[in-house]
Amino acid sequence: MEKFVINGGKPLTGEVSISGAKNAAVAILPATILAADKCVIENLPAISDVTVSLQILSALGARVRMLNKNTYEIDTTHVCCTEVPDDLSRQMRASYYFLGALLGRFGSAQVAMPGGCNLGPRPIDQHLKAFCALGARDSVEYGMINVSGEELAGAHVFFDTVSVGATMNAMLSAVLAGGQTVLENVAKEPHIVDLANFLNMMGADVRGAGTDVIKVRGREALHGCTYSIIPDQIEAGSYMVAAAITGGNVLIKNVIPKHLEPITAKLELAGATVEEYDDAVRVYRTGDLAATKIKTMPHPGFPTDMQPLMTVLLSVAQGTSIITEGIWENRFRYVDELVRMGANIQVDGQVAVIEGVQELQPAPLRASDLRAGAALVMAALAARGTSEIDEVSHIERGYESLVEKLQGLGADIRREEKASAVLPQAL
Ligand code: EPU
């Protein structure tokens with residue numbers, strides 16, 4: 001068990017470079033199966049969700065070779081197994097992308113009901129709807145999802161809800177299906193476009209990614225390629241919040257400023273200054289933070305994954321802020337931890353009302369999920385004094401070298417082994 005020890009209250013200054021996007025990487029890695037060939041994937045973030053994805057690929061029979069910390073060669077020629085090991089798929093939500101990729105190449109896939117952050121109910125009915133429209137059958141037995149369908153055929157799918165995962169999985173299963181698939185009411189996140197670009201580099205014909213309608217013309221076969229993953233929008237947004245909440249001045253490099261616009265707009269309303277460059281943004285704040293209203297929505301709306309980070313920021317803004325969570329039913333569980341730090345936040349269902357306080361107090365804290373954990377790191381960086389955050393493995397699922405990157409910005413943060421409790425000897 002590891003913990004972060006943070007001595008907060010210092011403005012962060014300097015430069016930080018953003019890693020590849022987690023939510024693109026966890027779809028692109030399974031997608032290499034569709035090539036039945038060698039792919040070189042660059043700019044992979046060194047995070048545990050990527051490690052688990054690579055372990056699953058190896059377990060299925062792929063040859064995985066590390067070329068450097070962020071570049072892997074993956075040869076999926078000899079993949080033959082279609083069952084993802086239960087212990088691995090439970091470790092991350094995104095293991096469901098192996099359903100689409102294995103179904104697309106082999107006409108069959110078995111994956112355990114996925115794990116990942118607990119944000120309320122996380123159904124996959126829309127993923128299954130797309131697979132079934134293409135001619136597959138699905139069943140759940142002993143906690144395993146089975147999908148099978150030897151001759152997948154293009155189809156028209158109208159999604160009932162906008163889902164990142166269902167959109168990606170539908171693309172994965174359609175690129176080798178016969179004929180044309182039309183996907184309507186799809187998600188438009190930057191990682192959707194990144195997956196489509198990767199599939200097209202492998203020879204697929206995917207058009208319209210980034211709009212509401214994606215059209216896929218099935219191909220006979222795909223081939224290997226070299227591909228570099230886009231920068232992580234949420235990691236970048238997290239450092240933007242770190243700069244704003246500590247009253248610092250940080251140049252955040254290797255970003256696509258267009259992807260950050262929904263975050264930039266809210267940070268500016270909250271009192272930060274954001275300067276945009278070609279592939280960097282500078283964030284600084286000299287005046288007070290101001291209250292604002294936010295509602296999370298599918299892209300290009302404000303991203304739900306930034307919601308906990310903005311709650312932390314607005315907890316020290318002057319006035320009353322209102323945050324409405326529009327994607328997940330239960331994404332305010334971390335608020336109890338902020339209240340322990342002196343924040344004044346009332347949650348009613350999917351709405352949080354935040355009365356800004358002068359400052360947060362240090363406290364012992366527990367990360368309940370990935371983004372909540374990152375938000376607590378920002379809260380601890382702002383609070384003068386020493387905070388300790390437990391269960392940081394949640395955070396390390398999605399942030400490459402968080403401690404080192406924050407240290408590079410002058411933060412007083414270290415990672416420590418947590419001493420395990422010693423049970424008293426029985427008398
Ligand atoms: N939904 C359904 N049925 C489905 C799929 C989704 O009802 O079949 C609902 C969900 O319950 C939710 C909404 O649709 O209310 C959106 O869910 P979506 O499918 O878009 O989420 P996801 O694909 O499971 C990804 C990210 C999440 C991010 C959401 C929303 C990955 C691996 N995860 O999840 O990221 O919050 O999109 O943008 O890409 C994170 O990185 O911390 C994280 C949780």
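## Around the ligand

In this predicted model, 25 residues surround the ligand, each with a heavy atom within 4 Å of it. Q126, S163, V164, D305 and I327 are the closest. By type, the shell holds 11 nonpolar, seven polar and seven charged residues; here Ala, Val, Leu, Ile, Met, Phe, Trp, Tyr, Cys and Pro count as nonpolar, Asp, Glu, Lys and Arg as charged, and the others, Gly among them, as polar.

## Polar contacts and burial

Let's look at the polar contacts (pairs of N or O atoms within 3.5 Å). A polar side-chain atom of S163 is 2.6 Å from a ligand oxygen, and a polar backbone atom of V164 lies 2.7 Å from an oxygen atom of the ligand. W328 brings a side-chain N or O atom 3.1 Å from a ligand oxygen. On its own the ligand exposes 830 Å², of which the protein buries 89% (Shrake-Rupley method, 1.4 Å probe).

## Where the shell comes from

Which elements give two or more residues to the shell around the ligand? They are α1 (22-31), α5 (125-133), α6 (164-174) and α12 (370-382), with helices taken as DSSP runs of H or I, at least four residues long. The most comes from α5, which gives three residues.

The ligand lies between domain 1 (2-17 + 231-417) and domain 2 (22-215), because both give residues to its shell; the bounds come from an automatic or database domain assignment.

## Reading the numbers

Residues are numbered from 1 along each chain as its sequence is written. Local features need pLDDT of at least 70, side-chain atom pairs count only at pLDDT 80 or more, and totals for chains, interfaces and linings use all residues, while side-chain values use heavy atoms, leaving out hydrogens and water.

Terms used:
A polar contact is a pair of N or O atoms within 3.5 Å; within protein, one must be able to donate a hydrogen and the other to accept it, and residues adjacent in sequence count only if both atoms are side-chain atoms.
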